[in-house]
Amino acid sequence: MARSKDKGAGERHSGKFVSYIRVSTDEQGRSGLGQEAQMEAIRQYLNGGTWKLVASYGDVMSGRRDDRRGLVDAIEYCQRDNATLIVSKLDRLGRKASTLLAILDSEIDIVIVDTPMEYVG
């Protein structure tokens, strides 16, 4: 089970990060607005420190679906390379409790930008 670790305000980030962004509709995906806002939130959160964004993944589909290739690839990358998954909001990971619990139990570290904690796998 994942543990949470408080991250103090102004604490510098370090290590490897893999971003995951998700929008629900093709229109959001084509406009780029939802995707760009998510990436900007991630960039601002990581501002400062000795971190590296090593990969970015995304999906254009409902968070209720469990067959999101981008999310699967992001989690596998984090597991393989000991990187931290970073998302702008919890609902970008999924809309079902069972999906969220499976991700938290995947033994990877996760940062959710709008939540003041990191989930340590």
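## Working through the fold and its cores

In the protein chain, residues 24 or more positions apart make up 70% of the contacts with a separation of 6 or more. Keep in mind that this is a predicted model.

**Exercise 1. Work out how many helices and strands the protein chain has, and in what order they run.**

Step 1: count the elements. The protein chain has 5 helices and 6 strands.

Step 2: The order reads β-β-α-α-β-α-β-α-α-β-β.

**Exercise 2. Find the buried residues of helix α5 and say what they pack against.**

Step 1: pick out the residues with under 20% relative accessible area. Within α5 (residues 97–104), those are Thr99, Leu100 and Ile103.

Step 2: look down the axis. These three cover an arc of only 95 degrees, so they sit on the same side of α5.

Step 3: turn to the other side of α5, where Ala97 and Ser98 are exposed.

Step 4: name the partners. The buried residues of α5 pack against α3 (69–81), α4 (90–93) and β5 (109–112).

**Exercise 3. Take the largest nonpolar core apart: which residues touch the most other members, and which elements contribute?**

Step 1: The core has 17 residues, and Val18, Leu85, Leu93 and Ile110 touch the most other members.

Step 2: sort by element. Two or more residues each come from β2 (13–23), α3, β4 (84–87), α5 and β5. The largest share, 5 residues, belongs to α3.

Step 3: zoom in on Leu93. Setting aside neighbours within four places in sequence, Leu93 is in contact with Tyr20, Arg68, Leu71, Leu85, Val87, Thr99, Leu100, Ile103 and Ile110. That list takes in Thr99, Leu100 and Ile103, the buried residues of α5 from Exercise 2.

Step 4: check what else is there. Apart from this core lies another, of 9 residues, including Phe17, Tyr45, Ile86 and Val113. As background, nonpolar side chains in soluble globular proteins tend to be buried together.

**Exercise 4. Look for ring interactions: how many aromatic pairs are there, and which residue lies over the face of Tyr77?**

Step 1: go for ring pairs, whose centres must lie within 6.5 Å. The count comes to 1 aromatic pair.

Step 2: go for a charge over a ring, with the cut-off at 6 Å from the ring centre. Arg80 lies over the face of Tyr77, at 4.9 Å from the ring centre.

Definitions and conventions
Residues are numbered from 1 along each chain as its sequence is written. This is a predicted model: local features need pLDDT of at least 70, side-chain atom pairs count only at pLDDT 80 or more; totals for chains, interfaces and linings use all residues. Side-chain values use heavy atoms; hydrogens and water are left out. Buried means under 20% relative accessible area, exposed over 50%, partly exposed in between (1.4 Å probe, protein chains only). Helices (H or I, at least four residues) and strands (E, at least two) are DSSP runs, numbered from the N terminus. The arc is that of the directions from the helix axis to the C-beta atoms. Contact means heavy atoms within 4.5 Å. Rings of Phe, Tyr and Trp (its six-membered ring) pair if their centres lie within 6.5 Å; planes under 30 degrees apart count as stacked, over 60 as edge-to-face and the rest as tilted. A charge sits over a ring if NZ of Lys or CZ of Arg is within 6 Å of the ring centre and within 35 degrees of the ring normal. A nonpolar core is a set of buried Ala, Val, Leu, Ile, Met, Phe, Trp, Tyr and Cys residues joined through side-chain atoms within 4.5 Å.
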